Amino acid sequence: MEATIFTFPTSKPPPFSSSQTLTLKSPFKNPRSIPTIPHSPPLHRKPPPATTIRAAISRTKKELTVDTVKHQLQDCHLLAGIKYKGFTVKQFQDLRKSLPVTTKLIVAKNTLVFKAVEGTQWEALKPCMKGMNVWLFVHSEEIPAALKPYRMFQKERKLEENDFTGAVFEGKYYAPEEFKALESMPTRAEVYAKLLWSLKGPATAVVATLQAPARDLVLLLKAYVKKLEESDAQQL
């Protein structure tokens with residue numbers, strides 16, 4: 001019986017010869033360039049634009065100004081505008097110091113002031129809402145005494161161009177040329193003296209006094225009471 005010998009190819013690679021060159025083929029065009037997986041940037045919320053922030057601040061300031069004006073209108077007897085253009089910061093500060101405690105000075109845009117007075121008796125002030133104004137709020141019945149400090153300040157600083165632009169008193173609008181009527185109003189003491197004189201005088205004088213506005217009569221009586229109190233104090 002004959003034996004047949006089978007030969008199988010060996011799994012060992014043929015010996016490497018120094019004369020042979022080993023070449024590795026890369027699937028990429030540039031073997032040195034290895035593609036990287038792009039990383040998505042972290043998700044961050046974009047901050048609001050600066051214009052939006054400024055608009056919000058501006059809106060808040062406007063609302064605050066309107067509220068301030070409305071607050072000053074409470075128990076206000078006269079509201080007047082003064083031409084503000086040309087004022088220096090020091091002049092404005094000195095003017096504030098010269099005013100009585102019952103008078104307040106506020107710088108505000110015409111549009112904001114009108115928004116605050118719209119629908120009220122102070123809306124009559126609209127004709128003077130032109131240019132730059134500073135607003136005088138008088139919380140006293142002594143109107144001449146409240147206006148006098150600015151007249152003195154205006155004269156001392158030679159601010160002829162910075163005159164009153166208008167005012168509203170008891171629902172009536174007073175133009176700049178009508179301010180003499182406000183500045184020459186009688187004081188409470190003068191009104192009371194007039195009433196006292198009319199009570200001692202003829203009946204026609206009494207009737208004329210009683211026909212005066214009710215507010216004037218009240219002021220007159222208050223002045224008379226005050227005068228009597230001062231007389232009693234002097235006697236003591």
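A charge patch is made of residues with over 30% relative accessible area and no salt bridge, with like charges joined within 9 Å. The exercises below use this predicted model.

**Exercise 1. Find which lysines gather in a patch of positive charge on the surface.**

Solution. 
Step 1. Lys62, Lys70, Lys109 and Lys115 form the patch.
Step 2. Take Lys115 as one of these residues. Lysine 115 sits in helix α3, residues 110-117.

**Exercise 2. Decide whether helix α3 is largely enclosed or open.**

Solution. 
Step 1. List the buried residues of α3. They are Asn110, Leu112, Val113, Phe114, Ala116 and Val117.
Step 2. Look just past the helix. Glycine 119 has a positive phi of about 85° there.

**Exercise 3. Work out how lysine 90 and aspartate 94 are paired.**

Solution. 
Step 1. The two residues form a salt bridge, and their closest N and O atoms are 3.0 Å apart.
Step 2. Both lie in helix α2, residues 89-98. They are four residues apart, so about one helical turn separates them.
Step 3. Lysine 90 counts as exposed at 54% relative accessibility, whereas aspartate 94 counts as buried at 17%.
Step 4. Widen the view. Lys90, Asp94 and Arg157 are linked in a network of salt bridges.

**Exercise 4. Trace the salt bridges that arginine 151 forms with aspartate 163 and glutamate 183.**

Solution. 
Step 1. Start with aspartate 163. Its salt bridge with arginine 151 has closest N and O atoms 2.7 Å apart.
Step 2. Arginine 151 lies in helix α4 (residues 143-156), and aspartate 163 lies in the loop between α4 and β4 (164-169), so the pair ties together parts twelve residues apart in sequence.
Step 3. Move to glutamate 183. In its salt bridge with arginine 151, the closest N and O atoms are 2.8 Å apart.
Step 4. This pair links distant parts of the chain, 32 residues apart: glutamate 183 is in helix α5 (residues 179-183) and arginine 151 in helix α4.
Step 5. Arginine 151 is partly exposed at 23% relative accessibility. Aspartate 163 is partly exposed at 26%. Glutamate 183 is partly exposed at 28%.
Step 6. The structure holds four salt bridges.

**Exercise 5. Describe the protein as a whole, from its elements to its accessible surface.**

Solution. 
Step 1. Count the elements. There are eight helices and five strands.
Step 2. Read them from the N terminus: α-β-α-β-α-β-α-β-β-α-α-α-α.
Step 3. Turn to burial. Of the 236 residues, 30% count as buried.
Step 4. Turn to contacts. Among contacts with a separation of 6 or more, 74% join residues 24 or more positions apart.
Step 5. Finish with the surface. The accessible surface is about 17,900 Å², and 59% of it belongs to carbon and sulfur atoms.

Notes: Residues numbered from 1 in each chain as written. Predicted model: local features only at pLDDT ≥ 70, side-chain atom pairs only at ≥ 80, totals over all residues. Heavy atoms only, no water. Patch = residues over 30% accessible without salt bridge, like charges linked within 9 Å, V, L, I, M, F, W, Y side chains within 5 Å. Areas by Shrake-Rupley, 256 points an atom, 1.4 Å probe, with all protein chains shown as cover. Salt bridge = Lys/Arg side-chain N within 4 Å of Asp/Glu carboxyl O. Lys, Arg positive; Asp, Glu negative; His and termini not counted. Charge placed at Lys NZ, Arg CZ, Asp CG, Glu CD. Helix = DSSP H or I, 4+ residues; strand = E, 2+ residues; numbered from the N terminus. Buried < 20%, exposed > 50% of the residue type's maximum accessible area, 1.4 Å probe, protein only. Contact = heavy atoms within 4.5 Å.
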